[in-house]
Amino acid sequence: KLSEYEPLPKPRRFHLASAICRALFGGNRSGKTTAGGMEFLFHTTGQYPEWYPEDQRYNGAIIGRIVVKDFQKGVGEVIVPFFEDWLDMSLVERKWKNPQGIPIKWKLKNGSVFDILTHEQSTEQFEGWKGHIAWFDEPPPRDKYVATLRGLVDFQGRHWLTLTPLT
C-alpha cells in the first residue's frame, strides 16, 4: 500500500527536503501525521516511492523511534491505526505490547526495529538509545527531545516533527 501514497504539494516538499531536522506544521486533518508516518515507513521498510530522493534513502535495517503525547490517544488512536492502514502486516516479525496491550516495540522481517515512547514516560527511558531516525508527532517536552537527539549522533541520524503549533 505504500506505493499508493501520493503526497500533496506541502507534504511532498517535506519528503524531498534534505535537512536532518524537518517539520511539518498544519491544522487538524491536514495530513501531517500521514506524511510523518509515511516518511517513517519508507525508511523502516526500505520501500521507497520512485520520486523519493536516492541520496536520502537508507539501505539495510535501521533503528527508529516514534514519540507521541500519550499511549491511549497518541499510540492507540493515532499511530496504531495509521500502521493498520498503511503497513503491510506481513512485513512485521514481532510486536511487543505494554501492560495496556498497546504495541510499543516493533521488529520488521527486514531487521529494522523501532520503539514508540510517550511524553508520559520518564526522561530516563529516552536515554541510552541510538538510532537512525526519530519522528515526533506533536511537540515533545525539551528533555525528551534532547535525549532522543543524542541517540541519533552515532548514525548521523535524521528526525522530523509533525504538529499543530498550539503551545
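Which residues does Ile116 touch, not counting residues up to four places away in sequence? They are Ile66, Val68, Phe71, Val75, Ile79, Phe83, Pro103, Ile104, Trp106 and Gln121, where touching, or contact, means heavy atoms within 4.5 Å.

Before going on, a word on what you're looking at. This is a predicted model, in which local features need pLDDT of at least 70 and side-chain atom pairs count only at pLDDT 80 or more, while totals for chains, interfaces and linings use all residues. Residues are numbered from 1 along each chain as its sequence is written, and side-chain values use heavy atoms, with hydrogens and water left out.

Back to the inside. Ile116, along with Phe40, Ile66 and Phe83, touches the most other members of the largest nonpolar core, which has 33 residues. Such a core is a set of buried Ala, Val, Leu, Ile, Met, Phe, Trp, Tyr and Cys residues joined through side-chain atoms within 4.5 Å; buried means under 20% relative accessible area, exposed over 50%, and partly exposed in between (1.4 Å probe, protein chains only). Two or more residues each come from helices H2 (32-45) and H3 (71-86) and from strands S2 (63-68), S4 (103-108), S5 (113-118) and S6 (133-137). Helices (H or I, at least four residues) and strands (E, at least two) are DSSP runs, numbered from the N terminus. H3 is the top contributor to this core, with seven residues. There's also a second, separate core of ten residues, and Val67, Phe126, Trp129 and Phe136 are among them.

Now for the helices. H2 and H3 pack at about 65°, their axes 11 Å apart; axes are lines fitted to C-alpha atoms, for helices over the stretch in contact, and angles run from 0 to 180 degrees between N-to-C directions. Their crossing is right-handed, meaning that the near helix is turned clockwise from the far one by less than a right angle. On the H2 side you'll find Thr33, Thr34, Gly37, Met38, Phe40 and Leu41, which meet Val78, Phe82, Phe83 and Trp86 of H3.

H2 has another partner: helix H1 (residues 9-16) packs with H2 at about 35°, with 10 Å between the axes. This crossing is right-handed too. Pro11, Phe14 and His15 of H1 make the contact with Ala35, Gly36, Met38, Glu39 and Phe42 of H2.

Finally, look at Phe25 in strand S1 (residues 21-25). Phe25 is partly exposed, because its relative accessible area is 41%. Beyond its neighbours within four places in sequence, Phe25 contacts Lys10, Lys32, Leu163 and Pro165.
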